[in-house]
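Hi,

Here is the structure I promised to pass on. Have a look at it first, and my notes follow below.

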Amino acid sequence: MYVVKSPLSDANLKTVSEALQGALVDLVDLALVAKQIHWNVVGQRFRSVHLQLDEVVSLARTHSDTVAERAAALGISPDGRAATVAVGSGIGVTPEGWVDDTAAVGALVDALGAVIARMRERITATGEPDPVTQDILITVTADLEKQHWMFQAENG
Ligand SMILES: [Fe+2]
């Protein structure tokens, strides 16, 4: 069912739809992973890591909303359901239980790295079909890469 008329051709819409839906599930999962570790981190650096993890949660939630609403604006129904996220996320397995601060930071380095790699593919894929979507993905990726830098520096 198409309620919203898209300005894009069918072929371009397919490409952009996959990019936005993929970005959505990655960002929803990133927010969940960051909260999980926010709650479970222990160690001498607890306070700084705990607080920085909430920065990731905040940006992931904000950007998931932006990409979902960009999809809707193009006539694409965004799917942020838990089952869809579980199947589609590019983030690997998150450690269970308490996690020491070094492992917590390492988990975020890995999670952010995985999402960034996929985001950069989406940036490339959307450049021609829809530069407006590409612009959003570039902004999202810049914020992710800033966090990626800071978490790498934490364990440097
Ligand atoms: Fe909290």
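Which residues does UniProt give for the feature "domain: Ferritin/DPS"? The unreviewed entry places that feature at residues 18-153 (UniProt positions are in the numbering used here, feature names are shortened, and annotations may be inferred rather than shown by experiment). Over residues 18-153 the chain is 79% helix and 3% strand, with the end C-alpha atoms 32 Å apart.

Before the rest, some housekeeping. This is a predicted model, where local features need pLDDT of at least 70, side-chain atom pairs count only at pLDDT 80 or more, and totals for chains, interfaces and linings use all residues. Residues are numbered from 1 along each chain as its sequence is written, and side-chain values use heavy atoms, leaving out hydrogens and water.

The chain has 5 helices and 2 strands (DSSP runs numbered from the N terminus: helices are H or I of at least four residues, strands E of at least two). Along the sequence they come as α-β-α-α-β-α-α. The C-alpha atoms fill a box of roughly 55 × 30 × 20 Å along the principal axes.

Now the helix pair I looked at. Helix 2 (residues 46-73) packs against helix 4 (residues 101-126) at about 20 degrees, axes 10 Å apart (axes are lines fitted to C-alpha atoms, for helices over the stretch in contact, and angles run from 0 to 180 degrees between N-to-C directions). F46, V49, L53 and V56 in helix 2 meet D101, A104, V105 and L108 in helix 4 (contact means heavy atoms within 4.5 Å).

Cheers
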